[in-house]
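The exercises below are to be worked with the sequence and the 3D structure in view. Each task is followed by a solution in steps.

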Amino acid sequence: ETSNKRALDVSGKVEAGEYYGGTSIDTEIELGWRPNRWFQGSAAWNRTDLDLDAGSAVVHVVRLKGLMSFSPELSWANFVQFDNESDEGGVNSRLRWILQPGSDLFLVWTQNMQRESGSLVIEDQAVAFKLGWTFRF
């Protein structure tokens, strides 16, 4: 892997071993991008080769992440993922506002999708608000 303190970084790994009575080989590569102090992004690809008593499978997972920091108190994080085995994808978007140290307000949107006939169909969506407050006494 290269240093994640630079504008571009790359990391990769290969792991192999026993997995639930069979074997697994896991390969991953990730590319990170930090063009300035306000934005961080990354793209990752993971391949898992499974050989189990119940059968074999090759699972590919693609992930995209993005973090925009508007100020030290306000940030927007996004995560997108899709895998070929379940043919499902998901999106998670979170806005975080630090009201004061130890007290945060979150607005979170999630959406899950299933691939049907070559198109992604929305299975469910949710929006949530969360307020975390620290009381000092």
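A contact means heavy atoms within 4.5 Å. The model is predicted: local features need pLDDT of at least 70, side-chain atom pairs count only at pLDDT 80 or more, and totals for chains, interfaces and linings use all residues. Residues are numbered from 1 along each chain as its sequence is written, and side-chain values use heavy atoms, with hydrogens and water left out.

**Exercise 1. Surroundings of Q40**

Task: Find the strand that holds Q40, and list what Q40 touches beyond four places away in sequence.

Solution. 
Step 1. Q40 belongs to strand 3, residues 39–52; strands (E, at least two residues) and helices (H or I, at least four) are DSSP runs numbered from the N terminus.
Step 2. Leaving out residues up to four places away in sequence, Q40 is in contact with W33, R34, K65, G66 and L67.
Step 3. M68 is 28 residues from Q40 in sequence, while their C-alpha atoms are 6.7 Å apart.
Step 4. Q40 counts as partly exposed because its relative accessibility is 38%; buried means under 20% relative accessible area, exposed over 50%, and partly exposed in between (1.4 Å probe, protein chains only).

**Exercise 2. Salt bridges**

Task: State how many salt bridges the structure holds, then examine the pairs of R34, E15 and R47.

Solution. 
Step 1. A salt bridge is a side-chain nitrogen of Lys or Arg within 4 Å of a carboxyl oxygen of Asp or Glu.
Step 2. The structure holds six of them. One of these joins the side chains of R34 and D9, at 2.6 Å from N to O. This pair links distant parts of the chain, with R34 in strand 2 (residues 22–36) and D9 in strand 1 (residues 8–19), 25 residues apart.
Step 3. R34 is partly exposed at 25%, whereas D9 is buried at 9% relative accessibility.
Step 4. E15 and K13 form another salt bridge, at 3.9 Å from N to O. E15 is partly exposed at 44%, and K13 is partly exposed at 39%.
Step 5. In the pair of R47 and D49 the closest N and O atoms are 2.9 Å apart. R47 is partly exposed at 29%, as is D49 at 22%.

**Exercise 3. The nonpolar patch**

Task: Name the residues of the nonpolar surface patch, and the strand that gives its largest share.

Solution. 
Step 1. Patch residues have over 30% relative accessible area and no salt bridge; like charges are joined within 9 Å, and nonpolar side chains (Val, Leu, Ile, Met, Phe, Trp, Tyr) within 5 Å. Accessible areas come from the Shrake-Rupley method with a 1.4 Å probe, and for residues only the protein chains shown count as cover.
Step 2. The patch consists of L8, V10, I29, L31, W33, W45 and V62, with about 640 Å² of accessible area together. Strand 1 and strand 2 are the elements that give two or more residues to the patch.
Step 3. Strand 2 supplies the largest share, three residues. L31 lies in strand 2 and is partly exposed at 44%.
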